[in-house]
Amino acid sequence: MRTVTRLAGFAVGLAAVFGTTYGIGRVVERAPAVEGRHDGGAARATGGHDETAARLPGGLLVSDRGYTLQPLDAPTGEFAFRIAGPDGQPVTRYDVAHDKQMHLIVARRDLSGFRHVHPELAPDGTWRVDTPLTGPGQWRAFADFAPTGGEPLTLGVDVTVPGELTERPLPAPATSTTVDGYTVALTGTPQPGRTSSLTLTVSRDGQPVTDLEPYLGAYGHLVALRRGDLAYLHVHPDGTPGDGRTRPGPAVTFLAEVPSAGSYRLYLDFQHGGRVHTAEFTVVAGAAPTADAPTPSGPAPTGGAGHGTPGHGHN
């Protein structure tokens, strides 16, 4: 059943308001609501650094290892932020990872919307991009980066876009989905606490796609988000273009390790015909689905009205 909610101002029962407004969103921070066992124990995303942070999945903290994600004021239609380093100053030097210095991923808290964009860095350490927040709701913004001389990090912050929100239930688990005329089949099931192989096979009009184009240094880019707290898992592909063994489709294999049992939403970006497409799946790791996590069904389309951000782009 869909629930309609009106979001406005700083209401919504969220904790610790930053008080910064940019574009059409307001930034808030809150502790995660975890589904299933959490390896971090009682650790909560309070913005501080904690001994348990090293065991937390990415994206649950706004501040980690001395680095802090700081949203900034920006004109309407723009999203701006910076990363403050251990010295409190904006970081201006980043390593390239997956062909980019910064990956900004945003997802609605009900997992019905998703975008993956790449902001531009100004000399003063400010990152700017056309706002990826495309509709009302509670969103989680993830900054995925590697500061030069530091460890790779994923920091996260909640952003609320005021307006009338129609809550969408999590789609049922499925082994096949369609997007933009492509069919993507999933083989493999993630297992809590250990590395699992997930293979996604792309076809179009009943024919395998054997000429996928490299995107972000691979033939596919996969992000997994855990239902509830939206723990962020950047899943690594098995092989790279030009290594002499990795074929450009139809199958793209990833090695994933999920931290706990529960429901996850997978987002596969792949490029073909000069355009990036995003296929989405719900998967369940560990225990069988509960009453609010539907049982597996047939193909579930990820484009059109059921997609949180129809025709979303990639910058």
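Which residue's side chain does a polar contact of 2.7 Å join to that of S112? It is D110, whose side chain meets that of S112 at this distance, where a polar contact is a pair of N or O atoms within 3.5 Å, of which, within protein, one must be able to donate a hydrogen and the other to accept it, and residues adjacent in sequence count only if both atoms are side-chain atoms.

Before I go on, please keep in mind that this is a predicted model, in which local features need pLDDT of at least 70 and side-chain atom pairs count only at pLDDT 80 or more, while totals for chains, interfaces and linings use all residues. Residues are numbered from 1 along each chain as its sequence is written, and side-chain values use heavy atoms, with hydrogens and water left out.

Back to S112, then, which sits in the loop between strand 7 (102-108) and strand 8 (114-117); strands here are DSSP runs of E with at least two residues, numbered from the N terminus. A polar contact of 3.0 Å also joins the side chain of S112 to that of R108. With a relative accessible area of 7%, S112 is buried, a word that means under 20% relative accessible area, computed with a 1.4 Å probe on protein chains only.

Let me turn to the aromatic rings, where a search of the whole structure finds 6 aromatic pairs. Rings of Phe, Tyr and Trp (its six-membered ring) pair if their centres lie within 6.5 Å, and planes under 30 degrees apart count as stacked, over 60 as edge-to-face and the rest as tilted. One of the pairs is Y94 with W127, which is edge-to-face, at 5.1 Å centre to centre and with 75 degrees between the planes. This pair links distant parts of the chain, since Y94 lies in the loop between strand 6 (78-84) and strand 7, whereas W127 lies in strand 10 (residues 126-130), 33 residues apart. Y94 is buried, with a relative accessible area of 6%, and W127 is buried too, at 1%. Another pair, F114 and Y267, is stacked, with 3.9 Å centre to centre and 5 degrees between the planes. F114 belongs to strand 8 and Y267 to strand 21, so this pair ties together parts that are 153 residues apart in sequence. Both of these residues are buried.

Strands of a sheet pair through backbone hydrogen bonds, either parallel or antiparallel. In this model, an open sheet of 5 strands has the order 4-5-6-10-9, with antiparallel pairing, and two strands count as paired if DSSP finds at least two bridges between them. Its edge strands are strand 4 (63-64) and strand 9 (120-121), each of which pairs on one side only. Strand 9 pairs with strand 10 over 2 bridges, and L121 stands opposite W127 in strand 10. Strand 6 is joined to strand 10 by 5 bridges, and there E78 stands opposite D130. Strand 5 (residues 67-71) pairs with strand 6 over 4 bridges, and the bridge partner of T68 is A84. In the hairpin of these two strands, which has 6 residues between them, G77 takes a positive phi near 90 degrees.

Notes
Buried means under 20% relative accessible area, exposed over 50%, partly exposed in between (1.4 Å probe, protein chains only).
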